Protein chains: 2
Amino acid sequence: MRIAITGAAGMVGRKLTERLIADGTLNGAAIESLHLQDIVPFEPPQASFDITAETSDLADPGVAEALAARDADMVFHLAGVVSGEAEANFDKGYRANLDGTRFLFDAIRLREGYAPRVVYSSSIAVFGAPFPPAIGDDFQQVPLTSYGAQKQIGELILTDYPRRGFMDGVALRLPTICVRPGKPNLAASGFFSSIIREPLAGKEAVLPVSRDVVHTHASPRSAVGFLLHAAGLPSEEIGPRRAITLPGVAVSVSEQIEALRRIAGDKAVALIREQHDPAISAIVEFWPQRFEANRASRLGFTAETSFDDIIRIHIEDELGGSLQ
Amino acid sequence: MRIAITGAAGMVGRKLTERLIADGTLNGAAIESLHLQDIVPFEPPQASFDITAETSDLADPGVAEALAARDADMVFHLAGVVSGEAEANFDKGYRANLDGTRFLFDAIRLREGYAPRVVYSSSIAVFGAPFPPAIGDDFQQVPLTSYGAQKQIGELILTDYPRRGFMDGVALRLPTICVRPGKPNLAASGFFSSIIREPLAGKEAVLPVSRDVVHTHASPRSAVGFLLHAAGLPSEEIGPRRAITLPGVAVSVSEQIEALRRIAGDKAVALIREQHDPAISAIVEFWPQRFEANRASRLGFTAETSFDDIIRIHIEDELGGSLQ
């Protein structure tokens, strides 16, 4: 089993890499090699199999072709510019999320005799308001951000190419991943994590939206689980609709805060400072809240069932298992 | 009012041109100039206002920029490769339908101070099976042809750019246009027209699919009506979902044939020869059948209400008003 990961230096990419190194296998097959690609420089970890690391831009000429030429059996395509940045920087978003993705899929298409499984990280940002109370698997995808449009275009190409035999793809509409460790990134959704992560570390966090905002979350551990489960799904079980809306925990910001209070007390909650940000609110206002995700459940995808669990996983995976 | 039409030599483009020349106005404003563009050479008609014609490929460097530089107030973007051809010729379809469309929208975006109304001909091919009995306005768009994927990508860009102020767009998901005059084109839907048109002209026609196939149709006259109505819709009435599924007449092939029998008799019907074509059947099998099109109705779009009317309009507009 030869594996490639784009966007490998990102949070999910790093956690996926760690998990693959720990497992040593994927889909029951021993991992022979792992190629890690990202636009930012990064240090590849050690493993018992071959690991290569490459800093490159998938939208640059020849980069996607070189990646396809590695003949990985499994390609996790996680590279991309996040929502807030794609909204703020039009050219950067279309270049990375549309051109980079299309170049990669085209390089795979044009490589003779090569049709790997591609697991593509799409997003619930492919949906745009107004929404029904819970978004069903049949609901229209009309994004209201450039990021959502770019992700949806990636889904469309990824859906068309397997039908034509060019590759074997599956797109995952990831819910917001929470609690993200490390520094905030430019995703408009970043505050959903920082209002938990920062208070748990004794630091102040800014809440830029109303406490009534409802959103769907899954832990980084679930995100890696989604990707590995998608890697192993038989193509015929996926069928012609290659994009799957994933399950998660739908909670209001208030409910997130109450979960934090149950686990870390009033002192932690007191570190959340409300400071309205109209730009972030405008993006988040049009984001989906809840999903039925029946198809994902039938296909065996699982996530947490409470926000308390999401916080506990953060404490286990990032804070050594207990609060100071 | 300055107008540009891409794909102007196509059937709908020619009928739109005729109608604009006959009206002399659009949205209540006198037409000052009309620029016609197509990839195939064509003779522009005469009019009381300036008409220019250009044979060019929107996917060639500089062509889209030159078109945007004409500063048309209204751009009807009809150019594209039809469904059967886009399926048979991968490169041609993506080049014309994705690259050509993106280049045009980008040229408009990049032209300083320019944000025309763009009316884009999308297609019900953005929907893929399985379908509910009638497709509602909220139904997911997961095309099962390359043509449908390309049209949907065009919709996504056209939906994103107006939100960002780059242009003022509306995408029309046209039903199958029937009865198409003239020679068959390479659209997989061509037989829906030829089984009516050819017998009305005393010629044999081939029916390549089962008589049970249900599909939604509107006349060429309605197609032009849709485009003109879309040109005049206030942007705020369209709202953020810029793509509209249009109304039409949902009938089975059997019902089409019975309408033909009522209007032109058994002799006409006897000219239809059933000859199964697996390639066309495979495409049409996954096409949508019926639509609710409630939103289009609320926005004032109208089509025929019976297939008999569709045949009568063909006789009026193409056969001088009566059968020989």
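**Helix packing, chain contact and backbone features**

With 17 C-beta neighbours inside 10 Å, A:Leu271 counts as partly exposed in this structure, which is a predicted model. The residue lies in the loop that runs between α9 and β14 (272-274) of chain A. Leaving aside residues up to four places away in sequence, A:Leu271 touches A:Glu198, A:Pro199, A:Lys203, A:Glu204 and A:Ala205.

Helix α6 (residues 190-200) of chain A packs against helix α9 (residues 253-269) of chain A at an angle of about 30°, and the two axes are 10 Å apart. With angles under 35 degrees counting as roughly parallel, α6(A) and α9(A) are therefore roughly parallel to each other. The crossing in which α6(A) passes α9(A) is left-handed.

The residues contributed by α9(A) are A:Glu255, A:Gln256, A:Ala259, A:Leu260, A:Arg262 and A:Ile263, while α12(A) contributes A:Phe307, A:Asp308, A:Ile311 and A:Arg312. This contact of α9(A) with α12(A) divides into five nonpolar, one polar and four charged residues.

The contact draws on A:Met11, A:Val12, A:Lys15, A:Leu16 and A:Arg19 of α1(A) and on A:Pro220, A:Ala223, A:Val224 and A:Leu227 of α7(A). Seven nonpolar and two charged residues make up the contact of α1(A) with α7(A), and no polar residue takes part.

Helix α7 (residues 220-232) of chain A has 13 residues, which at 1.5 Å a residue should span 18 Å; its end C-alpha atoms are 19 Å apart, in agreement with that expectation. The buried residues of α7(A) are A:Pro220, A:Ser222, A:Ala223, A:Val224, A:Phe226, A:Leu227, A:His229, A:Ala230 and A:Ala231. Among them, A:Pro220, A:Ala223, A:Val224 and A:Leu227 are the residues through which α7(A) contacts α1(A). For helix α7 (residues 220-232) of chain B, the 13 residues should likewise span 18 Å, which agrees with the 19 Å that separates its end C-alpha atoms. In α7(B) the buried positions include B:Pro220, B:Ser222, B:Phe226 and B:His229.

The contact between the chains takes 20 residues from chain B and 20 residues from chain A. On the side of chain B that touches chain A, the largest share, nine residues, comes from helix α5 (residues 146-163) of chain B. By class, this side of chain B comprises nine nonpolar, six polar and five charged residues.

Several loops carry backbone features of note. In chain B, the peptide bond from B:Ala129 to B:Pro130 is cis, with omega near 0°, and B:Pro130 is found in the loop between β7 (117-123) and α5. A cis peptide bond also joins B:Cys178 and B:Val179, with omega about 5°; B:Val179 is located in the loop between β9 (176-177) and α6 (190-200) of chain B. A:Ala293, which is not a glycine, has a positive phi of about 55° and lies in the loop between α10 (278-285) and α11 (294-298) of chain A. With 25 other C-beta atoms within 10 Å, A:Ala293 is buried. In chain B, B:Ala293 has a positive phi of about 50° although it is not a glycine, and B:Ala293 is found in the loop between α10 (278-285) and α11 (294-298). B:Ala293 is buried, with 25 other C-beta atoms within 10 Å.

Methods: Residues are numbered from 1 along each chain as its sequence is written. Chains are lettered from A and ligands numbered from 1 in the order in which they are written. This is a predicted model: local features need pLDDT of at least 70, side-chain atom pairs count only at pLDDT 80 or more; totals for chains, interfaces and linings use all residues. Axes are lines fitted to C-alpha atoms, for helices over the stretch in contact, and angles run from 0 to 180 degrees between N-to-C directions. Helices (H or I, at least four residues) and strands (E, at least two) are DSSP runs, numbered from the N terminus. Angles under 35 degrees count as roughly parallel, over 145 as roughly antiparallel, 65 to 115 as roughly perpendicular and the rest as oblique. A crossing is left-handed if the near helix is turned anticlockwise from the far one by less than a right angle, and right-handed if clockwise. The expected span of a helix is 1.5 Å times one less than its number of residues. A residue is buried if 20 or more other C-beta atoms lie within 10 Å of its own, exposed if 12 or fewer, and partly exposed in between; C-beta atoms are placed from the backbone. Two residues are in contact if their C-beta atoms, placed from the backbone, lie within 7 Å. Ala, Val, Leu, Ile, Met, Phe, Trp, Tyr, Cys and Pro count as nonpolar, Asp, Glu, Lys and Arg as charged, and the others, Gly among them, as polar.
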